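User: I am new to this structure and would like to go through it in questions and answers. Please show it first.

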Amino acid sequence: MLTTTKTSARSFGPSLCPAEEAYDFEHFRDRLARPEVLAHAVAVRVFRAPLLAVPVGGPRRGGYMSFDLLSLAIGARDLLTNRRGFPDLRVRWSPYRDTCHTVEWGEPAPEWWEDDAVFGRFYGYSESAITSFVRERPQTPSSATSTPCSPTAS
């Protein structure tokens, strides 16, 4: 005889929780030029893993979060809608199975060929955090070129 146990219906979509619960809260707090922007941050919990959504403010002009499932990206965007510091929310859908979908906010990110320091300043990191990151992760020869290699890049 087959028996089953009744389980409660559970949502596996994203949910919000306090920023301080995010696994990466200290990482951002220690590296942002203006950590006070975290006063309006929230953690987006997906599958019991809360990750920080850092709002724009001060030198931070944009932000993003990555998701492997498009439905999670859409759910996170919906949760961040109308929250202070998350303007111009948009989902960037990836047509490739091995590339994540993203939720972005604020200004559009710099072009892919820009160096890491440009990205660091755009995302509001301190000069010391940018210097440390660049020193630890030297650019590859292809990313160190000043002109894009793609004939279609603008």
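This is a predicted model: local features need pLDDT of at least 70, side-chain atom pairs count only at pLDDT 80 or more; totals for chains, interfaces and linings use all residues.

User: Which residues of helix α2 are buried?

Analyst: Helices (H or I, at least four residues) and strands (E, at least two) are DSSP runs, numbered from the N terminus. Buried means under 20% relative accessible area, exposed over 50%, and partly exposed in between, with a 1.4 Å probe and protein chains only. In α2, which spans residues 70-80, the buried ones are Leu72, Ala73, Gly75, Ala76 and Leu80.

User: Which strands do the buried residues of α2 pack against?

Analyst: Contact means heavy atoms within 4.5 Å. The buried residues of α2 pack against β1 (15-18), β2 (42-46), β3 (49-53), β4 (62-67), β5 (90-92) and β6 (101-106).

User: Is phenylalanine 67 buried or exposed, and what does it contact?

Analyst: Phenylalanine 67 belongs to strand β4, and its relative accessible area of 5% makes it buried. Histidine 101 is 34 residues away from phenylalanine 67 in sequence, with 5.2 Å from C-alpha to C-alpha. Apart from neighbours within four places in sequence, the contacts of phenylalanine 67 are Val44, Val46, Leu72, Ala73, Ala76, Cys100, His101 and Val103.

User: How many salt bridges does the structure hold?

Analyst: Side chains of opposite charge can pair when their charged atoms come close. A salt bridge is counted when a side-chain nitrogen of Lys or Arg is within 4 Å of a carboxyl oxygen of Asp or Glu. One of them joins glutamate 136 and arginine 137, at 3.4 Å from N to O. The number of salt bridges in the structure is 10.

User: Which strands does the salt bridge between arginine 90 and glutamate 104 tie together?

Analyst: The closest N and O atoms of arginine 90 and glutamate 104 are 3.4 Å apart. The pair ties together parts 14 residues apart in sequence, because arginine 90 lies in β5 and glutamate 104 in β6. The strands are therefore β5 and β6.

User: Which residues are linked with Arg90 in a network of salt bridges?

Analyst: Glutamate 104 also meets arginine 92, at 3.7 Å from N to O. Arginine 90 is buried at 19% relative accessibility, and glutamate 104 is buried at 13%. The network links Arg90 with Asp88, Arg92 and Glu104.

User: Where is leucine 69, and is it buried or partly exposed?

Analyst: Leucine 69 sits in the loop between β4 and α2. Its relative accessibility is 39%, so leucine 69 counts as partly exposed.

User: How many disulfides are found?

Analyst: A disulfide is a pair of cysteine sulfur atoms within 2.5 Å. Cysteine 17 is buried at 11% relative accessible area, whereas cysteine 100 is partly exposed at 39%. Over the whole structure, the number of disulfides found is 0.

Conventions: Residues are numbered from 1 along each chain as its sequence is written. Side-chain values use heavy atoms; hydrogens and water are left out.
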